[in-house]
Every structure is written in structure tokens, then in C-alpha cells.
Amino acid sequence: MNALCRAVFIAVAIAAASPSAFAQTPAAPDPGPSQTPPPDAETRYEETVVVSGSRAEEKLANTPATMTVIGPAQIESATSQNFAELLRTVPGLNITQTSARDINVTSRAATGTLATGQLALLDGRSLYQDFFGFVMWDFLPVNLNEIKQIEVIRGPASAVWGANAVNGVINVITKSPREMAGTTATLGLGAFERANGDTAGSLWYASATHAAAINERWSFKLSGGGYVQDPLSRPTGFIPGSPITRTAPKGTPYPAYTNTGTTQPKFDGRLDYDFEDGRRLSFTGGVAGTEGIMHTGIGPFDINSGSTMSYGRVNFARRGLRLSAFTQALDGDAANLLTRDPAGVPIQFAFKTHTSDIDLANVQTVAKRHVLTYGGNLRFNQFDLSLAPRSSNRTEFGVYLQDEIFLSDQFRVSIGGRGDRFDYLDSFVFSPRVALLVKPRPSHTFRLSYNRAYRSPSVINNFLDITIAERLTLAPGLVYPLPIKSIGNEQLTETSLNAYEAGYTGVLAGHTVLSAAFYVNQAKNDIFFTEVRGARYTPSNPPPGWPLPPVVIALATGGAGFPALFTYQNFGKTTQRGLELGVDTPVAHGLSVFANYSWQGKPKPTGFDISELNLPPKNRYNLGASLDRRRVLANLSVSYSDSAFWQDVLDDRYHGTTAAYTLVNGGFGVKWGARDRLVTAVKVTDLGNQEIHQHVFGDITKRQVVGELRVRFGK
């Protein structure tokens with residue numbers, strides 16, 4: 001701990017926040033940990049209540065973790081229906097969109113295809129896909145107007161949320177039926193530019209929500225919607241930064257395949273019963289479907305129509321006590337568009353999973369100076385995966401305890417930890433957290449913290465078993481299917497992350513919020529899909545059925561040989577440093593502006609070569625303004641991202657660098673009629689119509705224009 005103290009006190013004492021969290025007026029001094037503003041009161045920054053930081057209600061400025069809140073105003077003005085553009089302006093979040101349906105999000109680290117370190121939740125229910133270890137954002141079954149706020153923990157959170165909250169947590173919080181009583185409908189029609197001479201593509205979406213209180217006890221909500229988009233353009237030419245060889249003097253050409261768009265239907269329902277004493281019992285359930293491209297380490301899979309995830313959940317709440325149980329099922333199949341087996345048949349991926357989870361959380365105040373948060377969960381998974389035929393089931397169990405100690409009006413300490421047990425890990429995993437909060441004034445908070453988090457190996461990490469054939473043109477008319485084996489590794493251990501952070505958040509002059517964070521993240525035993533170099537095909541070890549003299553292997557590859565075996569391995573240590581700065585202020589009634597900046601240093605690996613890592617953009621900034629006054633809605637934002645390096649698709653022939661880009665988004669809307677029942681809006685993504693390549697193997701995005709109509713019925 002002495003080393004920790006020296007590190008964080010030398011560090012810049014600042015912590016970041018998002019624009020939506022701060023576009024509000026400051027509150028009166030903190031009334032205490034258990035008080036929240038009345039529901040009809042004007043929301044103020046210091047009164048913003050979150051639940052994700054400690055799994056209990058607390059004010060945003062008092063959380064032991066660095067958090068961002070995306071509020072209703074930002075959600076309402078979102079220029080796109082996908083979560084990429086909604087989350088892009090959060091400092092420290094790296095976003096990649098690789099196809100019409102595929103987005104990946106990672107906090108304070110490089111993202112990539114199948115990003116594995118970011119936990120996503122819907123009202124506390126995990127959306128993380130345990131079989132592959134990633135999040136499918138299109139399986140959120142709710143419409144944007146149902147979302148109350150989105151809480152983003154930028155940094156590890158395994159101390160309360162358990163496995164896979166390595167880089168952070170995104171918790172989507174929905175409104176209760178009583179909070180959204182009435183009927184609303186939304187229709188959007190749009191078009192987008194495409195690159196390489198492709199004709200423009202189209203998209204449309206529609207949604208409807210009805211919520212009502214049956215009586216003083218019962219209330220319900222029903223919602224449904226759909227999103228349809230044509231495919232984006234594929235890049236052409238040669239992969240930037242790919243290796244130059246004798247057989248590829250200009251680098252690796254982009255492989256050609258037929259790209260696809262996406263169709264995403266969804267339906268959700270909720271039924272609440274409110275007891276006289278404040279207790280609440282909720283029943284929720286829904287289903288979401290998808291189709292389209294999913295990029296992976298072995299190339300793009302085209303998810304077929306009819307692939308769905310369904311769920312059912314029951315939740316009971318009484319003051320600080322929460323008891324919930326859910327079950328969810330994923331059923332889908334996909335075909336790989338590039339990789340084939342040695343017989344020449346495209347690789348097929350059929351996946352069925354079933355998850356059951358029961359979770360208990362409670363909050364208690366002890367001796368006036370201690371707020372205890374504790375609980376645990378039991379999770380059971382069943383798998384039927386064609387790419388991992390030996391996988392069957394997995395059981396996970398974890399418990400946690402946190403004590404927030406009020407030393408005085410100026411000093412608080414939060415200390416706690418969580419222990420988890422997995423079937424395929426040799427022992428318990430312990431995730432501690434400690435944070436010191438210093439509040440010289442109610443509107444100013446300094447924070448010093450240490451966290452440890454982890455990610456467990458996914459089922460595919462452990463049990464992948466597949467052979468693909470790389471088609472090599474050896475001579476005119478002579479094509480050889482080079483067999484390459486990809487296998488899992490049952491000896492993998494968990495990836496762990498030690499995070500050190502110093503932060504400050506303050507409200508100045510009554511309304512301007514300044515914030516920032518400096519962090520040092522030290523990852524150990526990262527899990528990478530990598531080639532086993534010692535198993536290469538060489539003249540002394542030619543592949544089966546090699547049709548030419550073995551010496552040709554050395555001539556064609558410059559003596560390096562052909563890849564023969566890939567697997568998952570744990571890799572040494574990686575140190576990542578970063579800085580995040582933010583400012584947000586209202587400048588007039590209904591008008592607010594924001595700006596934030598994120599810096600990520602080049603990762604420093606220990607025990608392996610940096611070529612095994614994706615490299616994040618070094619510099620990112622966001623700035624913008626939003627207006628909501630009388631009958632006018634308007635917003636404008638600018639997001640810049642530096643160049644980045646990618647090595648997470650196929651072998652090193654397909655690895656390369658994307659150029660820096662600047663994305664300008666904007667929208668304008670008008671409210672019509674009594675009580676603003678009708679809203680018409682035009683929303684534009686990429687106003688400058690730049691060709692933006694967010695991942696070296698992903699699709700190209702250009703300008704998108706959408707006209708939207710929103711109607712609210714009833715009283």
C-alpha cells in the first residue's frame with residue numbers, strides 16, 4: 001500500500017465525467033447517504049443518484065468509482081439508434097463499429113472485435129455472453145425512450161459486480177411503468193453514404209411503448225420495435241500497415257465477401273406491484289433478435305435471421321434489500337464468410353446457451369458512521385456450441401461486502417471486496433477495492449482508489465476445437481487448402497487487473513463542473529488468441545498433402561513457414577496509463593456546452609512482444625453543445641480519435657493501422673402541439689461525410705441522415 005499511496009499522490013488528482021451528467025445546476029450541500037430528491041423535483045448535478053458504483057443508491061459525487069451518467073436529454077437527442085454514438089462522447093471509452101450491427105466498447109484500454117473486458121447490464125441483469133466473452137448490444141430489448149439513464153463505471157468493478165467487469169461496467173437503467181405512463185410511437189427513415197462507388201444505403205426503425213397504472217398497486221409496460229439497415233461498404237485495396245512479403249509486395253489485400261446489413265426486432269414487458277409500505281415486486285420479460293455480421297478472430301460470421309435472446313426476470317425490493325432471479329436463453333447460428341474447413345465447406349457456428357441467475361443485495365447503516373453493502377449471486381450456464389463441442393455447463397458463485405465509513409464531514413473511506421468461485425478455475429478469485437474520498441466542501445470531492453478486477457476464460461477460450469483451411473494459390477490452377485488448427489486451452493487462468501486512480505470532481509461558480517482522472521492499470525495474464533510459433537509448417541514439417549517440394553515453403557514465406565496452430569494463451573503483464581479531463585457548463589437557459597479529453601499512453605508489455613496487443617488511440621476529444629428551449633431541440637458534437645493498431649483478426653497478414661478521424665454529428669428538432677405531443681427531427685451522423693474506418697478489418701462508415709417522428713398519445 002505504500003507504493004500505491006506514493007503513486008496516487010504523485011498522480012494528477014482528477015476524475016472525469018460525461019456531458020449528460022453535468023448539464024444540470026448544482027445542488028445544496030450533501031444531506032447524507034440515504035437521502036434522494038423527490039421524484040418531481042428538478043434534477044441537479046449533486047443530487048444525481050446512481051446505483052452501479054456500490055450496488056446501492058448514492059449520489060454520483062460520492063461513489064467510490066469514477067462514473068459517468070448519460071441522462072434523458074442526451075438519450076432523447078441521440079443521432080443514431082445504436083449505442084456506439086450514444087457512448088462515444090464518454091471520456092475514456094473506446095468505441096469501434098465494425099459492421100451495420102456489430103459494435104464493441106472498452107473503457108481505458110484498446111477495444112477490438114469481441115471486446116471481452118466490459119460488463120454490460122440491463123437494470124443489473126448481465127448481458128455478457130459467457131460462451132464467447134463479449135456483449136451483443138443489439139440484444140437490448142428496450143426502446144431508447146424507456147431508458148432513464150445509462151451509468152458508466154470507467155474502471156474495474158469486480159469488487160461488487162464480479163467476473164468480467166475488468167475495464168468497466170455499463171448499466172442501462174429503465175423507467176418504471178409509472179414514470180413513463182402513456183403511449184408513445186417513433187418512426188425513423190434514413191439513408192447513408194457508402195464508399196468505393198457503392199450506391200447509398202437505407203435504414204428505418206419503428207417503436208411503440210404503452211405504460212399505465214391499473215390502480216394504486218398494479219402498473220405495467222409493453223413495448224416493441226425494430227431496426228433495419230442495409231450493409232455498410234467494405235474497404236478495398238491493401239490493409240494499411242500489413243506486412244510486406246515476397247508474395248505480397250503491397251501488403252495483404254482485403255479479402256472479398258458479400259457484406260450484409262442487419263434486422264433487429266424486439267419486444268419487452270413489465271408488470272409492477274407496489275405494496276403499501278414501499279416494497280415493490282416486478283416481473284419483466286422480453287425477446288430480441290438480430291442478423292448481420294459479427295467479426296471474430298477467425299473472420300466474419302454472418303448471423304442468420306431468427307437468432308434471438310429471450311429472458312424472464314423477477315425482482316423484489318424493500319428499502320435497501322434487492323432480491324432478483326432471471327433466466328435467459330440464446331439461440332442462433334451463423335456462417336463464416338471467409339474461413340472454410342479442409343473439405344471446402346464454410347465454417348458453421350450453431351450456438352445455444354441457457355443461463356439462470358439468482359442475486360441478493362442489501363444495504364444497512366450501522367452505528368451511524370458505517371454503510372454496509374453486501375450480497376452475492378449464483379449463476380448456472382448450459383452450452384451447446386458447434387465450435388466447442390466438449391463444452392457443457394459452468395457454475396459461478398460469488399459474495400461481496402463493502403463498508404463506507406464516514407470518518408467526518410470531510411473524509412470517507414470505502415473498503416470492500418468480493419470472492420468468486422468458477423468451475424474451471426483452480427481456486428477462489430478475490431477482488432478488493434479501497435477508496436478515500438476527501439470533501440473539503442460539499443461540492444468538491446477528491447478521490448484516491450485501488451481496485452482489482454478479473455475476467456474468467458470464456459467457454460470458447462477453454463474448449464474451441466476447429467480446423468480451417470487457408471486457400472493458397474501456388475501456381476495457376478493450383479490451389480492448396482492449408483489446414484490450420486484452432487484449439488482452446490483448459491489450462492488458462494483468469495486475467496487480473498490492478499488499477500490505481502486519483503480523481504477530483506468539483507462544481508464551480510454554482511454551475512460549472514470540472515473533472516478529470518489519472519489512472520494506472522496493470523493487467524496480468526491477459527488472454528490472447530495467438531499463433532503457436534513452434535508448430536509452423538516448414539520444409540522439415542510440411543502440411544499434409546503438400547503438392548510441391550518442401551523447399552517451396554521456405555521460398556514462399558521468406559523462411560518463416562506457414563502458420564499451423566492457433567490457441568488462447570495467458571500473456572505476462574501490461575501497464576496502461578491514462579488521463580481524462582472534462583468540463584461542462586450551462587451558458588444560458590436551455591443551452592449547455594461540454595468538452596472532454598482522454599489520453600492513453602502506449603501499453604507497455606512485460607514478458608511478450610507488443611505486436612500481440614491492439615494499440616488504442618493515444619488522444620481522443622469530444623466537444624459539443626445542446627439546446628432545449630421552448631419548441632426547439634438542437635445538438636452538435638465533434639469527436640476526434642487518433643490512429644490505432646489492430647491485430648485481433650486472423651493472422652499477422654491481416655493486422656494493420658487505422659487513420660485518425662474526426663466525427664461531427666448534429667440534429668435539429670421542433671416540438672408541435674399542446675404539451676409537445678409531436679416532435680419532428682432531422683439527425684445526422686458524420687456531417688462532413690468522411691470515410692471513417694474504426695477497425696482495420698471492419699466496414700467503412702460515412703454520412704447518415706435520418707428523419708424522425710415521435711408522437712405521444714393520451715393525457
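**View 1. F528 and F608 are both buried.** Buried denotes a relative accessible area under 20%, against over 50% for exposed and in between for partly exposed (1.4 Å probe, protein chains only). The model is predicted: local features need pLDDT of at least 70 and side-chain atom pairs count only at pLDDT 80 or more, while totals for chains, interfaces and linings use all residues. Residue numbers start from 1 along each chain as its sequence is written, and side-chain values use heavy atoms, with hydrogens and water left out.

Across the whole structure, a search finds 24 aromatic pairs. Rings of Phe, Tyr and Trp (its six-membered ring) pair if their centres lie within 6.5 Å; planes under 30 degrees apart are stacked, over 60 edge-to-face, and the rest tilted. F528 and F608 make a tilted pair, with 6.1 Å centre to centre and 55° between the planes. F528 belongs to strand β28 (residues 512-531) and F608 to the loop between β31 (604-606) and β32 (619-629), so the pair ties together parts 80 residues apart in sequence. Helices (H or I, at least four residues) and strands (E, at least two) are DSSP runs numbered from the N terminus.

**View 2. An aromatic cluster is formed by F131, F132, F134, F301, F349 and F351.**

**View 3. Arginine charges sit over the rings of Y311 and F697.** The criterion is NZ of Lys or CZ of Arg within 6 Å of the ring centre and within 35 degrees of the ring normal. The charged end of R125 is 3.7 Å from the ring centre of Y311; for R234 over F697, the distance is 5.3 Å.

**View 4. N164 lies in the loop between α5 (158-161) and β11 (168-174).** N164 counts as buried because its relative accessibility is 5%. Beyond neighbours within four places in sequence, N164 is in contact with T116, G117, Q118, L119, Y128, D130, Y454, R455 and S456, contact meaning heavy atoms within 4.5 Å.
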